[in-house]
Amino acid sequence: MCQTKVIHLPPSKSIAARELMVDHLLFSSARERYQYYKALYDRDLPVDVIVLGEALKRLEEQGGGEVALDCHESGTALRFLTALAALRSSPTTLHCSSRLAERPLTPLLSVYEGLGAHFTWHGTTLHVSPAKSRRFNSTIDTTHWSSSQFASSILLTAPLLDWNTLRLKVAPEAPSFSYLWLTIQLLRARGIECTYTGEVIEIKRISPISATLKPVEADWSSTSYIYQLLAIGGETEPIYLPGLQSNSHQPDAKITDIFALWGVSLDDNQVLHRTGSLRPRKLDLDLSQQIDLFPALAVTCTATGVPFHFRGIKTLRHKESDRLCAVREGLENLGYSGFTTGANTLSWDGTEPATPTRGAHITTYNDHRITMAFAILDAARDLGLHLSDKESVTKSFPSFWEQLSQLQ
């Protein structure tokens, strides 16, 4: 195997968070898995996983009664814990950042309000009074929800319900449905009989299966920035990426097909190569199922002169930042023009500056994916960019700067 450099990727925070929730709800044992993750990954454990792990650990150690939990800036923690709090027997208080308090949560609250739960926002604090009933008497229609994570939250908390069948109506073309599919696969592996036929997801029976403590597969979303570096031309040597699974259910594993258009490919030994100087003439993609790839792809396209039209991206406005605006603003600060923004699209006609602006200031809005996408561009082109934030990467890729230094 040709191996010149090794990049250690973080574990998938999507998988790790779901494993913690299932352990908590089936066996009240999330703290054991969380401690295992902490010991195994140390400083490489994404902050999102730490936030959720600390909250579940506190719930298990306290055993019951009223409790206050801090979600910090983790949307995953807020959504999963909101569903959990609605089905506890005692009130729960959830704290979060100001940006997170602005992000959508109404569809999830409405579902549990139907069971008698009561939610009250006071600034960045959500007070949850538990539901009076734990039985859904009809199918929950999720087809118009802006995020599949609401539906995942309901499925993950199914063990707390009094039910014969939990049924959700879903739209396979809905934004981030691929992450709901990830949830379904994990539930099945843990003994929760979860079926999907046509437009309906059903949970009919739970026969809990404990899972051994083992490493989580590497995160494909974080891997996109390594692909980006090779596509832009900032690295020519092969890169070994241990821990990736080519048959992964992670939606962002789709990058293998997309970046192949630039000649970047992963072999069977988890070694990433770039062959030749390929690039597509234009990139026209629906990113509704791989929305986290948007920053890396938009920056890659502009840096390599590839016009693009991205569809299915309206949910970008409700991420850690308004990512659609943040990426466009950063690229325009570098001198690129010719962008057209629609309600659910962003296009670029290929208008490039004679030379990208050196020393440009890029506002990242404390968004880890904006920070990493422009940091990779800077590493590849030595533009001397001034990023407004560097610490946000800890949310998903804590060792990003350390790993990147090995590639420069």
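## Salt bridges

A salt bridge is a side-chain nitrogen of Lys or Arg within 4 Å of a carboxyl oxygen of Asp or Glu. In this predicted model, the count by that rule is 19 salt bridges. One of them joins the side chains of Arg190 and Glu19, with N and O 2.7 Å apart.

A second salt bridge, at 4.0 Å from N to O, is made by the side chains of Asp48 and Lys395. Asp48 belongs to helix α3, while Lys395 lies in the loop between β18 (386-387) and α14 (400-405), and the two are 347 residues apart. Asp48 counts as buried, at 6% relative accessibility, and Lys395 is buried with a relative accessible area of 8%.

## A salt-bridge network

Arg323 and Glu320 also form a salt bridge, their closest N and O atoms being 2.7 Å apart. Arg323 has 1% relative accessibility and counts as buried; Glu320 is buried too, with a relative accessible area of 13%. These two residues belong to a network of salt bridges that links Lys13, Asp48, Asp292, Glu320, Arg323, Asp367, Arg369 and Lys395.

## Aromatic pairs

The model holds 15 aromatic pairs. In one of them, the ring centres of Phe294 and Phe310 are 6.0 Å apart and the ring planes stand at 80 degrees, so the pair is edge-to-face; the cut-off for that class is over 60 degrees. Phe294 is in helix α11 (residues 294-303) and Phe310 in strand β14 (residues 308-311), 16 residues apart. Phe294 is buried, with a relative accessible area of 0%, and Phe310 is buried with a relative accessible area of 0%.

Tyr336 and Trp348 are also edge-to-face, because their planes are at 75 degrees, with the ring centres 5.9 Å apart. Tyr336 lies in the loop between α12 (323-333) and β15 (339-341), and Trp348 in strand β16 (residues 345-348), so the pair ties together parts that are twelve residues apart in sequence. Tyr336 and Trp348 are both buried. The two pairs fall in one aromatic cluster, formed by Phe294, Phe308, Phe310, Tyr336, Phe339 and Trp348.

Trp401 has a contact of another kind: the charged end of Lys390 sits over its ring, 5.2 Å from the ring centre.

## Largest pocket

The largest pocket has a volume of about 510 Å³. It is lined by 22 residues, and those closest to its centre are Ile15, Glu19, Leu186, Lys214 and Glu217. Glu19 is the residue that forms the salt bridge with Arg190. Helices α1 (13-27), α2 (30-41) and α8 (177-189) each supply at least two lining residues, and α8 gives the most, with four. By type, the lining divides into nine nonpolar, eight polar and five charged residues.

## Second largest pocket

The second largest pocket has a volume of about 260 Å³. Of its 15 lining residues, His24, Ser28, Leu59, Gly63 and Arg88 are the closest to the centre. The elements that give two or more residues to this lining are α1 and α3 (47-62). The most come from α1, with four residues. This lining divides into six nonpolar, seven polar and two charged residues.

Technical notes. Residues are numbered from 1 along each chain as its sequence is written. This is a predicted model: local features need pLDDT of at least 70, side-chain atom pairs count only at pLDDT 80 or more; totals for chains, interfaces and linings use all residues. Side-chain values use heavy atoms; hydrogens and water are left out. Rings of Phe, Tyr and Trp (its six-membered ring) pair if their centres lie within 6.5 Å; planes under 30 degrees apart count as stacked, over 60 as edge-to-face and the rest as tilted. Buried means under 20% relative accessible area, exposed over 50%, partly exposed in between (1.4 Å probe, protein chains only). A charge sits over a ring if NZ of Lys or CZ of Arg is within 6 Å of the ring centre and within 35 degrees of the ring normal. On a 1 Å grid over the protein atoms alone, a cavity is a set of points where a 1.4 Å probe fits but cannot get out, and a pocket is an open set with protein on both sides within 12 Å along at least five of seven lines; lining residues have an atom within 4 Å of a point. Grid points are joined across faces, edges and corners, and a volume is the space filled by probe spheres set on the points. Ala, Val, Leu, Ile, Met, Phe, Trp, Tyr, Cys and Pro count as nonpolar, Asp, Glu, Lys and Arg as charged, and the others, Gly among them, as polar.
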